[in-house]
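Let's take a walk through this chain together. Have a look at the whole thing first, and then we'll go piece by piece.

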Amino acid sequence: MDDEDGVQTAAGQRSHDSAQENPARPLRFQQHWEAERQSRPEGSLTQRTESQPQSAFADFVVSLRFAADSSSGDRARAAADAAAEMRRVVVALTQAGLEAEVRPAMRARRGHAAAYEAEAGHVLVFVSCPRARLVQEWRRSRLHDWLGGMLALRRVARDAGAAAGAADPYEVDPDARDDPARLLAADETTAEAISVAERQRLVHRIITGAQADGGAAVRPDGTQVAVLALHDAAFNREWVRHWARKWLVDGRDLRRIREHFGEEIALYFAFLQSYFLWLALPAAAGVAVRAAGGSGFAWPLAAALVVWTVVFTETWARRESDIATYWGVHGVQRTADSRRAGFRPDGHVADPATGEPVPVFSPMRRWGRRALGVGVIAALAAVLAALVAAIFALQTFVGEFYAGPLAPVLGLAPVVLFSACLPAYTAVCTRVAHALTEYENYEYDAEFTAQLTVKLFVFRFLQDQLYLFLTAWVFVPYRDSFERWLSRGSGLAGVKAKASDTPAAAMVQALLAGFVVTSQALNLVTETVVPLALRWWTARARHAAAAAASASASASTSALSATGDAAQLQFIARAAEETRLPEYSTFEDYAEMASQFGRVAFFSIAWPLAPLAAFVNNWFELRGDAAKIAGATQRPIPRRVDSIGPWLGALRLMCWLASITNALLVYQFNPGSGLLLPPVTDADAMKRYGRTGLTMALVVLLFAEHAFLAVRWVITRVMASWPGAYTRIVERSHALSRRRWLERAPLSVRDLA
């Protein structure tokens, strides 16, 4: 270790020792934090009320947890390990150019007026980033964007844009495109001009990035080490209150979310808002069908639903590309900034363009690992399908056939099993999927997230949709076989059984209505209402304790109140409380919307009011997710994305499946006759089973699939007639470049042109 490292190690040791001796010593992080918020109006993102620059910016806290063992020897050894780990973290952060302050985590003390006490085995490292280090990382990131081929955009002046006929608010900056030095220019106002989300993204990269790239290599492990940004309570209050009073979320709202939480969160809300608005069409159609006395399974409604799914997915694909272009993140997924810290290359090769060493990993090795992962995921999915089928069989038996004692009580058994077994098993599947994706060793964050999402969506799809598929195409067509088998089994077991007399179409409709309404209500309650209620109760108890402590300290003129340390201890306790919140991930929210989209696309012809239920739910979902992010989870780490990733592929897959399921449901349960619908000869059989001819069902399936492919081809070709924003901006840039070159060219060359 060189002299500089030795000095920094000693500084880290002194920081740790002094923090342990005096937890209430002045916290510079809090001073930077409060200065940042005092320099702008409440809830504002970029507008500042004072021009004085800040010396450092405070956003992140590193949480370190250590086991507190009972024996004295283990405690001493754990304390030594904890001290060594804290010194390592502080030294790494200092070497990366950051400021680190160590404090023991505080928590509310129950039954005491002092209000706060140190939390055993939990230490917080408050990380501040000096303005010079922030600007340095900002310049590095912009250079990587330029080297990665991302567009350098500038806003088009209104008059100039109108004169040139430009339809886009941005254009390629020709000077920055040809000379990256313009992108890297910085002055004394650059640090304050960087948005909150961009600053947090850059600082997070410094904290977690590899030391070879100037980072501290402090990486969260999900148990002992966590890196989180603190919530801005003033912004959160203003955000939730503002959205609660609005009917629609507009572009300014999304821009504010992007500047505060980053592109990933803003793009999710943009998708949810777009999906919510598009649901108005099938919702209106479903209401019209019910108002006209229709009971479902009408082929015009089925055809309209399939066309709607295709138009929505393709329109969203265009919209997300335009959004990414206007936000300046088109193509960001494969820049050097998005390379995973956990990527383990085989070696390095020279870049053919720049000659710089680039990490590589053998594609053959990765494909071999992916093949292994496919087998493991398929086995886990088969077990999950068997588990869902077993619970379905139990529910069907209890609900349709069982007539013995305790029938109402036994009717709850499938619900209990579904709630207890499936979450535990899917948690195991999630851990296995994450381990397999890590083993596949993807270089970029986008690739890792996409592959993990695909694996997890397989389990989510089976869990959410298999029940309805089993009802429509397993139980209903083979109901007599189930009855004969159960009659023999119940006779041998002495269990009283009854015949199932529920009409086939009514059974599917009732199950769908129950699934849609129940799942949406449960998701809203469990994801938003319950966490927020628990957080409110905890905050209420903490505020009561703080008020008691303040009153006691005021009465006794204690040193704590006199030195003003009570506010600092409360700040540390609030930070410690946020470390106990769950991390936020867009996966669950996207998965919920994808599952809902599947039910609307697959089974709305059975219950035409399903789109209306989804439409109403998503209005609350948009605001509920905002409240969840603001108060029930840790603050999301800003990430730059240019699409919703593999979820678009999942939606397109469900569009194709919707063409098949709608056609089969119409064939099976529509009592009418006509094209591909043979006349009904046995009304009782139609009521009990629907049409069950496998040959004709296969013909219907093939016809529907080919019709879907034809419709999708027409829609995509029509939409391709109008180029997207990225194509328009790039083509205009090329045209302007050619025009400028011709203007500077000799007259003889211009005559040739």
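The chain exposes about 35,700 Å², and carbon and sulfur atoms supply 61% of that area; such areas come from the Shrake-Rupley method with a 1.4 Å probe, where for residues only the protein chains shown count as cover. Keep in mind that this is a predicted model, where local features need pLDDT of at least 70, side-chain atom pairs count only at pLDDT 80 or more, and totals for chains, interfaces and linings use all residues. Residues are numbered from 1 along each chain as its sequence is written, and side-chain values use heavy atoms, with hydrogens and water left out.

Among the contacts in the chain with a separation of 6 or more, 78% come from residues 24 or more positions apart, a contact being heavy atoms within 4.5 Å.

Now for the sheet. Four strands form an open sheet in the order β2-β3-β1-β6, with antiparallel pairing; two strands pair if DSSP finds at least two bridges between them. At the edges stand β2 (99-108) and β6 (225-229), each with a single partner strand, so one side of each is left without a neighbour in the sheet. On average, neighbouring strands here are turned by 30° against each other, direction ignored. Angles in general run from 0 to 180 degrees between N-to-C directions, and axes are lines fitted to C-alpha atoms, for helices over the stretch in contact.

What packs on this sheet? Helix α4 (residues 131-147) does, touching β1 and β3 (116-130), and its direction makes about 65° with that of β3. Helix α21 (residues 565-579) lies across β1, β2, β3 and β6, running at about 95° to β3.

Zoom in on β6. Five bridges join it to the antiparallel strand β1 (residues 56-65): L64 has V225 as its bridge partner, and S63 stands opposite A226. V225, V227 and A229 point one way from β6, while A226 and L228 point the other way, and all are buried. With five of its five residues buried, β6 is largely enclosed by the rest of the structure.

On to helix pairs. Helix α9 (residues 233-244) and helix α23 (residues 610-631) pack at an angle of about 170°, with axes 10 Å apart. From α9 the contact takes N236, W239, V240 and W243, and from α23 it takes L622, R623, A626, A627, I629 and A630.

Helices α11 (residues 263-278) and α12 (residues 280-291) have axes that come within 4 Å and cross at roughly 25°, so these two are roughly parallel. F276, L277 and W278 of α11 meet A280, L281 and P282 of α12.

One last stop: D480, in helix α18 (residues 479-493). Is D480 buried or partly exposed? At 28% relative accessibility, D480 counts as partly exposed. Leaving out residues up to four places away in sequence, D480 touches R688 and Y689. D480 and Y689 are 209 residues apart along the chain, with their C-alpha atoms separated by 9.2 Å.

Methods:
Parallel < 35°, antiparallel > 145°, perpendicular 65-115°, else oblique. Buried < 20%, exposed > 50% of the residue type's maximum accessible area, 1.4 Å probe, protein only.
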